[in-house]
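Take a moment with the sequence and the 3D view before reading on. We will walk along the chain, then across its sheet, and then to a pocket.

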Amino acid sequence: MIMVRFVSADGARTRDVQAAEGARLLEVAQNDGQPLEGTCEGQMACSTCHVIVAAEDFDRLPRASEEEEDMLDLAAGATRTSRLACQILLDASLDGLTVRMPGEHRDMQGR
């Protein structure tokens with residue numbers, strides 16, 4: 001099992017969650033009730049699963065593809081350590097990964 005720490009946008013709440021190796025971070029976050037929309041269901045056609053990876057963990061992730069970088073350009077509140085949760089597959093090298101929910105997001109479903 002892989003441990004992932006989710007931090008609320010305001011930093012006031014943290015939640016440690018166990019995830020299976022090979023799980024996609026988007027599904028782990030959604031199953032935990034984190035506020036990630038994932039409108040395109042992992043097809044990298046939106047930026048509604050944008051998360052901010054802790055600076056100390058960012059270099060443990062594989063590099064973002066050019067397509068992911070293009071989608072991150074559209075993400076509200078993107079930072080240098082922003083990634084799309086749908087593009088992060090969890091493995092043992094990511095045990096202890098910390099991600100923060102962005103303070104703003106685009107609601108593609110109009111809710």
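Start at the N terminus and follow the chain: its elements run β-β-α-β-α-α-β-β. That gives three helices and five strands. Keep in mind that this is a predicted model.

Now step back and look at the overall dimensions. The C-alpha atoms fill a box of roughly 35 × 30 × 25 Å, taken along the principal axes. Buried residues make up 47% of the 111 residues.

Next comes the sheet. In what order do its strands stand? The five strands form an open sheet in the order β2-β1-β5-β3-β4, with mixed pairing. Two strands stand at the edges: β2, residues 14–19, and β4, residues 82–84. Each of them has a single partner strand, so one side of each is left without a neighbour in the sheet. From one strand to the next, the twist averages 35°.

How do strands hold on to each other in general? Strands of a sheet pair through backbone hydrogen bonds, and the pairing is either parallel or antiparallel. With that in mind, cross the sheet one pair at a time.

Strands β1 and β2 pair in the antiparallel sense over six bridges.

Move on to the next pair. Strand β1 covers residues 2–7, and strand β5 covers residues 97–100. These two pair in the parallel sense, over four bridges. V4 stands opposite L97 in β5. While you are in strand β1, find F6 as well. Is F6 buried or exposed? Its relative accessibility is 2%, so F6 counts as buried; the cut-off for buried is under 20%. F6 and G103 are 97 residues apart in sequence, and their C-alpha atoms are 13 Å apart in space.

From β5, step across to β3. These strands pair in the antiparallel sense over two bridges. Here V53 has V99 in β5 as its bridge partner.

Strand β3, residues 50–53, pairs with β4 in the antiparallel sense over three bridges. I52 stands opposite S82 in β4.

Stay in strand β4 for a moment, with S82. At 4% relative accessibility, S82 counts as buried. S82 and A54 are 28 residues apart in sequence, yet 9.0 Å apart in space, C-alpha to C-alpha. L84 lies in strand β4 too. Its relative accessible area is 0%, so L84 is buried. L84 and Q43 are separated by 41 residues in sequence and by 11 Å in space, C-alpha to C-alpha. In a regular strand, side chains alternate between the two faces of the sheet.

Now leave the sheet for a loop. Between α1, residues 25–31, and β3 you will find E41. E41 has a positive phi of about 55°, although it is not a glycine. Is E41 buried or exposed? Its relative accessibility is 65%, so E41 counts as exposed; the cut-off for exposed is over 50%. M44 also has its place in the loop between α1 and β3. M44 has a positive phi of about 55° and is not a glycine either.

Finally, turn to empty space. Rolling a probe the size of a water molecule over the atoms shows where such space is left. The second largest pocket has a volume of about 150 Å³. Which residues line the second largest pocket? They are F58, D59, L61, P62, R63, A64, E69 and R83. Sort this lining by class and you get four nonpolar, no polar and four charged residues.

Definitions and conventions:
Residues numbered from 1 in each chain as written. Predicted model: local features only at pLDDT ≥ 70, side-chain atom pairs only at ≥ 80, totals over all residues. Heavy atoms only, no water. 1 Å grid on protein atoms, 1.4 Å probe; cavity = no way out; pocket = protein on both sides within 12 Å on 5 of 7 lines; lining within 4 Å. Points joined across faces, edges and corners; volume = space filled by probe spheres on them. Nonpolar A, V, L, I, M, F, W, Y, C, P; charged D, E, K, R; others polar. Pairing = 2+ DSSP bridges. Axes fitted to C-alpha atoms, helices over the stretch in contact; angles between N-to-C directions. Buried < 20%, exposed > 50% of the residue type's maximum accessible area, 1.4 Å probe, protein only.
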